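I opened this structure to look up a few things and wrote them down as I went. The entries below follow the order in which I looked.

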Amino acid sequence: MVDRVRVAGVGMVPFGRPGRSESYPVMAERAARSALDDAGIPYEAVQQAYAGYVYGDSTAGQCALYSLGLSAIPVVNVNNNCSTGSSALWLARQAVASGAADCVLAVGFEQMRPGALGSVWDDRPDPLRRLLDRMTELQGFDERIPVAAQLFGGAGVAYTDRYGTDPATFAKIAVKARRHAAGNPYAVFRTPLTEDEVLASPHIYGPLTRLQCCPPTCGAAAAVLCSEEFARRHGVRSPVVIRAQAMTSDTPGTFDSGDMMRVVGYDMTREAARQVYEASGYGPEDIGVAELHDCFTSNELISYEALGFTPEGTGEKFVLDGDNTYGGKVVTNPSGGLLSKGHPLGATGLAQCAELAWQLRGQADARQVEDVRTALQHNIGLGGACVVTLYEKAP
């Protein structure tokens, strides 16, 4: 296994609201072509492809990529809930790092319907059943409220009960997301918000109001990964490398701790981050920019601590001190994050990859973080999977 895999090229399409987007094959083809053009590599040079999506039929990845060419390469379809895009990226990196392939394409896409997420199948066991049963034991279940909001809102309640957090602190995260998204042409919501507007929006669950919940979104993003030797042979100019990456799944604490923060993946995040820091030789203090999984403001707050950006119990201070934005310790979600850029499940992880590649290459325009040499990506899916990726600007 090699310890560096080059991010040769990235691409994405502007995210949009359900019912207003192009079809998934069109979005995915555009994102993939953009990544290939960015890398300066023809599709014929790609040896494997990993296609991530959640709401779609089998072999949708082939449907999306065949328009690029019928090259007979293996196309693997990936579904890992909200961490699907990063799971495709993880598989692509493994293929290159192991020497199984020199050039691999990861693409993620989602053509979503309006409304809250829900199960497609009602005639077989729900893979989230054990998780939902644990949530119900801890806080009850309300059929009128979207399940994801109850899960992550419950985590916000647990955090607030433990540390006495002001509900306005969560609202500040939503305000920050919109402020960052104002400079991102790919984001769905770019209009600034005030804290009062966030707090006055309809209450959903716990500390969460509607403007603190990410919307269903359509979109696609892609990345081309290659070995260092392939990069030299093909004149790849991108200096971005994946220095370390880890994927984790649930621990016993998810179901046994009685803590809603751990139910929604706090332990998965903490363990994945630990592995990445250990493997890379970097620590959280070395990270200048991060794209983390802010599906709800409550998850962004607890993720600051799970990723080690601030000690446990100090997330509120981290927000109030402005350490989560420009001029602070770690610029979190310069893209606007899931809250403002949008969250097309299969595309999210690869959109995070694209944003961080642009940041490390100094190509993020109005969103650019100064003097950034390392970047961290965090993408989580209940059920469960968490992928943490550390990128480095190669000398």
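**A helix pair**

The model is predicted: local features need pLDDT of at least 70 and side-chain atom pairs 80 or more, whereas totals for chains, interfaces and linings use all residues. Residues are numbered from 1 along each chain as its sequence is written, and side-chain values use heavy atoms, without hydrogens and water.

I noted that α11 and α12 (residues 297-306) pack at about 40 degrees with axes 9 Å apart. Axes here are lines fitted to C-alpha atoms, for helices over the stretch in contact, and angles run from 0 to 180 degrees between N-to-C directions. On the α11 side, Tyr 266, Thr 269, Arg 270 and Ala 273 make the contact, and on the α12 side Ile 302, Glu 305 and Ala 306 do (contact means heavy atoms within 4.5 Å). I sorted these contact residues into four nonpolar, one polar and two charged. In this sorting, Ala, Val, Leu, Ile, Met, Phe, Trp, Tyr, Cys and Pro are nonpolar, Asp, Glu, Lys and Arg are charged, and the others, Gly among them, are polar.

**The cavity**

Which residues line the largest cavity? They are Val 264, Gly 265, Tyr 266, Thr 269, Asn 299, Ile 302, Ser 303, Ala 306, His 378 and Ile 380. On a 1 Å grid over the protein atoms alone, a cavity is a set of points where a 1.4 Å probe fits but cannot get out; a pocket is an open set with protein on both sides within 12 Å along at least five of seven lines; lining residues have an atom within 4 Å of a point.

I read a volume of about 40 Å³ for the largest cavity; volume is the space filled by probe spheres set on the points, which are joined across faces, edges and corners. α11, α12 and β11 (374-381) each give its lining at least two residues, and α12 gives the largest share, four.

I then turned to the second largest pocket, with a volume of about 210 Å³. Of its 15 lining residues, Arg 93, Arg 243, Ala 244, Gln 245 and Ala 279 are the closest to its centre. I traced at least two lining residues each to α3 (84-97), β8 (240-248) and α11 (266-280); β8 supplies the largest share, five. The lining divides into nine nonpolar, two polar and four charged residues.

**Backbone and whole**

I checked two backbone entries. The peptide bond from Gly 383 to Gly 384 is cis, with omega near 0 degrees, and Gly 384 is in the loop between β11 and β12 (385-393). Thr 59, not a glycine, has a positive phi of about 65 degrees.

Last, I counted 15 helices and 12 strands (DSSP runs numbered from the N terminus: helices H or I, at least four residues; strands E, at least two).
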